[in-house]
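Dear colleague,

Please find below the structure that I am handing over to you, together with its sequence.

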Amino acid sequence: MLMTAPMLSPKDFEFPAIMLSGVVDHGMYLHFKNCLSTAPQQGLVVVELATLGGDPEIARLMGEDIRFHSELYPDRRLVFLGRTAVYSAGATFMSFFATENRYLTRGTRLMIHERVITKNIQLAGPLSTCIATLKATLNEIESSIAIQNEGFANLILGSQVTMEQLLQRAPENWYMEANEAQALGLIAAVL
């Protein structure tokens, strides 16, 4: 039988232990890591985020810290609170929290999209070297798609959204309001 965590009330979010806003980058990660290291090791720990996006690998790094610390301190409940905008890398970070531990404030928008690459490929030299350069870029793209889809799978786990739907909407930047995210089962509640 699957145990679910109790639903939280707005009062539970009054004093977030970790407050993040702005671009998901190394600076945010350092602030996050510092706050996480001083957060209580038991009880409720709220991680609040507002972001227009940023580096997806930094979001994954922060998410892995959430996963690791959830296992390290089982008496602690790490909960995500998205405010105003949770775009791109913010949604990636949110995907590391169990659905029952995801909350958004009223009017918050989520934006989910595919990873983006900008790359110029210059071919020069022996033909076999040119093939290797092209294959390396193709491998990079395929690996990035696999990582992206792992995150998508975590985001939609237990929701009404299928991977097919997500993969259809993501290339066009899928924006959704907090109530829609709740109706689709992507979050526990709207505050």
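**What was found**

K119 is placed in the loop between β5 and α4. The model is a predicted one, and this should be kept in mind throughout. With a relative accessibility of 42%, K119 counts as partly exposed, because that class lies between the limits of 20% for buried and 50% for exposed. Between K119 and A59 there are 60 residues in sequence, and their C-alpha atoms are 22 Å apart in space.

The loop that holds K119 also contains I117, between β5 (109-112) and α4 (127-156). I117 has a relative accessible area of 44% and is likewise partly exposed. Together with I141 and I145, I117 forms a nonpolar patch on the surface, and the accessible area of the three comes to about 230 Å².

**The chain as a whole**

Six helices and seven strands are found in the protein chain. Their order along the sequence is β-α-β-α-β-α-β-β-α-α-β-α-β. Taken along the principal axes, the C-alpha atoms fill a box of roughly 65 × 35 × 35 Å. The protein chain has 191 residues, of which 40% are buried.

Helix α1 covers residues 26-38, which is 13 residues. From its first C-alpha to its last, α1 reaches 19 Å, close to the 18 Å expected at 1.5 Å a residue. Which residues of α1 are buried? They are M28, Y29, F32, C35 and L36. These residues cover an arc of only 135° around the axis, and therefore they lie on the same side of α1. The other side of α1 has H26, L30, S37 and T38, which are exposed.

Helix α2 runs over residues 56-72 and has 17 residues. At 1.5 Å a residue, α2 should span 24 Å, and this agrees with the 24 Å between its end C-alpha atoms. The buried residues of α2 are I58, A59, M62, G63, D65, I66 and H69. Seen down the axis of α2, they fall within an arc of 150°, so they line one face of the helix.

**Cysteines**

How many disulfides does the model contain? The count is zero, where a disulfide would need a pair of cysteine sulfur atoms within 2.5 Å. Two cysteines may be described individually. C35, already named among the buried residues of α1, has a relative accessible area of 12%. C130 is also buried, at 13% relative accessibility.

T84 is not a glycine, although its phi is positive, at about 65°. T84 lies in strand β3, which covers residues 76-87. Is T84 buried or exposed? At 60% relative accessibility, T84 counts as exposed, because the limit for that class is over 50%.

N173 also has a positive phi, of about 60°, and is not a glycine. The place of N173 is in the loop between α5 (163-169) and β6 (174-177). With a relative accessible area of 34%, N173 is partly exposed.

Yours sincerely

Definitions and conventions. Residues numbered from 1 in each chain as written. Predicted model: local features only at pLDDT ≥ 70, side-chain atom pairs only at ≥ 80, totals over all residues. Heavy atoms only, no water. Buried < 20%, exposed > 50% of the residue type's maximum accessible area, 1.4 Å probe, protein only. Patch = residues over 30% accessible without salt bridge, like charges linked within 9 Å, V, L, I, M, F, W, Y side chains within 5 Å. Areas by Shrake-Rupley, 256 points an atom, 1.4 Å probe, with all protein chains shown as cover. Salt bridge = Lys/Arg side-chain N within 4 Å of Asp/Glu carboxyl O. Helix = DSSP H or I, 4+ residues; strand = E, 2+ residues; numbered from the N terminus. Expected span 1.5 Å × (residues − 1). Arc of directions from axis to C-beta.
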